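Dear colleague,

I am handing over the structure below, together with some notes on what came out of going through it. Please read the notes with the model open beside them.

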Amino acid sequence: MDETLPSFPLARRSAFDPPAEYSAAEKVQKVRLYDGRSAWLVVGYDEVREVLSHPAVSADRRREAFPFSSPSREALERADPSFVTFDGPDHARIRRVFTRYFAVRRIQALRPVVRGIVDDLIDELLASGPPADFVRSFAAEVPARTICHFLGLPLAERGIFQELDARRNLLATAPGDVRSATGLMLDLTKRLIESKRTDPGDDLVSELVHGEAAEVLTPEELLHALRLVITAGHETTSNMISLGLVTLLRHHDQWQDLIMEPALVPGAVEELLRYVSIFHISPTRLAVESFQLGGTRIEAGDGLIPVSAGANRDPDAFADPDRFDIRRGTRHHVAFGHGIHHCLGQSLARLELVVVLEQLISRLPGLRLAVPPEELRVSEYSFLKLEELPVSWSTT
Ligand code: HEM
């Protein structure tokens, strides 16, 4: 074990800025993992994209030498083998079954549903009056209700998302607890599949269990893939909504610009995705053959940590990268990853974020933080996460 190496995860510069090492001139650096192994931390934009799409790099957690960033992440990913943890033909075969349901046109058709969900939540906020905890009463609810609708999961089951968020902190939770939380999620997914088998509705899971999926996927593959789809879209989107709002309110002139010019919303969403980069612990990879990454020789068996938060603040890819600017006009960030595992749900995430901003600026333009931003507690979870976001608003 090389004790002189910095230990991963590294400390952030601030709740809103990634670790200083991510902006270093050295775009590939060695770090030490919790188990004493070393791994390559990849922070440059080009280098991150290269790692995420290189044929000599594997995402397959079934490989003995695969590097993990914490014991609980290892427990989760080994106990719950979904297609995000596979390579090549296995990954392609399973992902392909889901692709059509996430096509942009199909997701855009959900706009009225998402709009209804967001409007109901704003009605509830207005009815109860300020102050409110924006995380609990809004940010966590938008993706939970959207996914329930999309998959045909009864709305009453959505409490499980909050429970999982609390129980699966992959940095701090004991591996046994992670496994039991994952067990809960798999039980819920099994119940969902069974109920749609006997009582189908107009939803994705019903289509899957009665359609092609049943022929192409084993029951185990369908179970783990659906579990992934249910959870991948919740924490990520919920944290993006709450941290996105804080970012805009901390740059109040730009919040005002959005109110005056709502056409800026889609660009603001892209800039929020880049600037916030909610993955505190990016998914790891394993080199299965040696290759050259810029000036660094990567050997077969080396661990790799391609960090989107570094790539998204790389000055070679984004001018003045620490500046938040909703008029930046770039969409080439890697907040949704890159390569074969790039986010399957990105159209849905974008739709939710756009509708949320459109409705907040039009119906709650007087929204403000009810505490100074420095008092907000941003947990360095697998994702950056606000535990609570006290907000208030003026109605005039
Ligand atoms: C994969 C980010 C929302 C479903 C990914 C990856 C990233 C990501 C970075 C790549 C992981 C890797 O390379 O190992 C995000 C962010 C979101 C978001 C920032 C919200 C702002 C969603 C939503 C869904 C979803 C709403 C679905 C409902 C998935 C799935 C994968 C994935 C299924 C695995 C794809 C594969 O392995 O082929 N996401 N995601 N995500 N995401 Fe998202």
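The notes below take the sheet and then the surroundings of the ligand.

Please keep in mind throughout that this is a predicted model.

The sheet is open and built from five strands in the order β1-β2-β8-β5-β3, with mixed pairing. Because β1 and β3 (57-58) stand at the edges, each with a single partner strand, one side of each is left without a neighbour in the sheet. Helix α1 (residues 45-53) packs on this sheet, where it touches β1, β2, β3, β5 and β8, and its direction makes about 125° with that of β8.

Strand β5 (residues 285-287) and β8 run antiparallel and are joined by two bridges, and the bridge partner of L286 in β8 is G303.

How much of strand β2 is buried, and why is it largely enclosed? Of the five residues of β2 (residues 38-42), four are buried, so the strand is largely enclosed by the rest of the structure.

Turning to the ligand, 24 residues surround it, and the closest are G233, T236, G337, C343 and G345. By class, this shell consists of 17 nonpolar, six polar and one charged residues. Three helices, α12 (219-232), α13 (235-250) and α17 (346-363), each supply at least two residues of the shell.

Of these helices, α17 deserves a separate paragraph. Helix α17 has 18 residues and reaches 25 Å from its first C-alpha to its last, which is close to the 26 Å expected at 1.5 Å a residue. The buried residues of α17 are L348, A349, R350, L351, E352, L353, V355, V356, L357, L360 and I361, a list that includes the charged residues R350 and E352.

With best regards

Key. Residues numbered from 1 in each chain as written. Predicted model: local features only at pLDDT ≥ 70, side-chain atom pairs only at ≥ 80, totals over all residues. Near = placed C-beta within 6 Å. Expected span 1.5 Å × (residues − 1). Buried ≥ 20, exposed ≤ 12 C-beta atoms within 10 Å, placed from the backbone. Pairing = 2+ DSSP bridges. Contact = placed C-beta atoms within 7 Å. Axes fitted to C-alpha atoms, helices over the stretch in contact; angles between N-to-C directions.
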